Amino acid sequence: MNRIARLVRIQLVNAPAVLGLPVLILALVIAANVLIFATVQGARGGDAAANSTGALTAIYAVMLVGHLQTMTQMFPFAVSLSATRRDFFGATVLVVGGQSVLYGVLLAVLAVVERATDGWGVNMTLVTLPLFEQEGPLRQVLAYAAPFLLVSFLGIWFGIVFQRWKQLGVWTLGISFGVVAVGFAAVVNRLDAWSAVGEFFTSQPTLMWQAGYPLLASVVFGAAAYLTARRAVP
């Protein structure tokens, strides 16, 4: 456990950048969108739904790229210091989990602020998108935090694939995702089962789509990343 704690400290040696960069990006995104909506508000009115923006995805993209770099930059350094792959991966899981909960709480608080200020004063819906909306603080935090885990472990997997097989491996993995998606669509089309698929999608509780399935996918991506890392050469 001491080894894992030491590796956590190594990953957080530049904590202001590691923890603060996603927050900074989010703050800039909010400020930029407020400025844009304030500029056009006089010419084009509208309610909050009409002034929705998907700019919240920026903080999730930062997490994906950040943890991809964890495996391409921090992983070789830690292994060169005689850290085991298992210990490094355990430390990474702790960092990812902590960040996801932290940012989930942050977004839940910002959702309260957004509602209280009538969309940051410009009728803007940025944080309180229906995609993430839940009742109760714990469920709301979970709805925001689970996708952070998903994109982080996806980034970790792509990062360790790059570390092991370079660009060819990344391209192969990306194309494999596309092949699976096309294959799934072809099978459903062949079986004429689109109505059944649609019924399945619409019958699921919203929390399953917001948190349940992202958490399940996170476990799959995390396991795949760990298995890939076991034979990765720094």
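Among contacts in the chain between residues at least 6 apart in sequence, what percentage join residues at least 24 apart? In this predicted model, the share is 76%. With that in mind, let us walk through the fold together.

Start with the overall layout. The chain has eight helices and zero strands, and reading from the N terminus, the order of elements is α-α-α-α-α-α-α-α. Along the principal axes, the C-alpha atoms fill a box of roughly 60 × 50 × 30 Å. Of the 234 residues in the chain, 39% are buried.

Now turn to a pair of helices. Two packed helices can be described by the angle between their axes together with the distance between those axes. Helix 4, which covers residues 85-116, packs on helix 6 at an angle of about 140 degrees, and the two axes lie 8 Å apart. Why do helix 4 and helix 6 count as oblique to each other? An angle has to be over 145 degrees to be called roughly antiparallel, and the angle here is about 140 degrees, so helix 4 and helix 6 are classed as oblique. The crossing of helix 4 past helix 6 is right-handed. As for the residues in this contact, 16 are nonpolar, six are polar and one is charged.

Lys 166, however, sits in helix 6. With a relative accessible area of 44%, Lys 166 is partly exposed.

Finally, step back to the loop between helix 5 (119-123) and helix 6 (137-190), where you will find Gln 134. This residue is buried, because its relative accessibility is 11% and the limit for that class is under 20%. Which residues does Gln 134 touch, leaving aside those up to four places away in sequence? They are Arg 139, Gln 140, Ala 143, Thr 206, Leu 207 and Gln 210. With one of these partners, Gln 210, the side chain of Gln 134 forms a polar contact of 2.5 Å.

Key
Residues numbered from 1 in each chain as written. Predicted model: local features only at pLDDT ≥ 70, side-chain atom pairs only at ≥ 80, totals over all residues. Heavy atoms only, no water. Helix = DSSP H or I, 4+ residues; strand = E, 2+ residues; numbered from the N terminus. Buried < 20%, exposed > 50% of the residue type's maximum accessible area, 1.4 Å probe, protein only. Polar contact = N/O pair within 3.5 Å; in protein donor to acceptor, adjacent residues only side chain to side chain. Contact = heavy atoms within 4.5 Å. Axes fitted to C-alpha atoms, helices over the stretch in contact; angles between N-to-C directions. Parallel < 35°, antiparallel > 145°, perpendicular 65-115°, else oblique. Left-handed = near helix turned anticlockwise from the far one by under 90°. Nonpolar A, V, L, I, M, F, W, Y, C, P; charged D, E, K, R; others polar.
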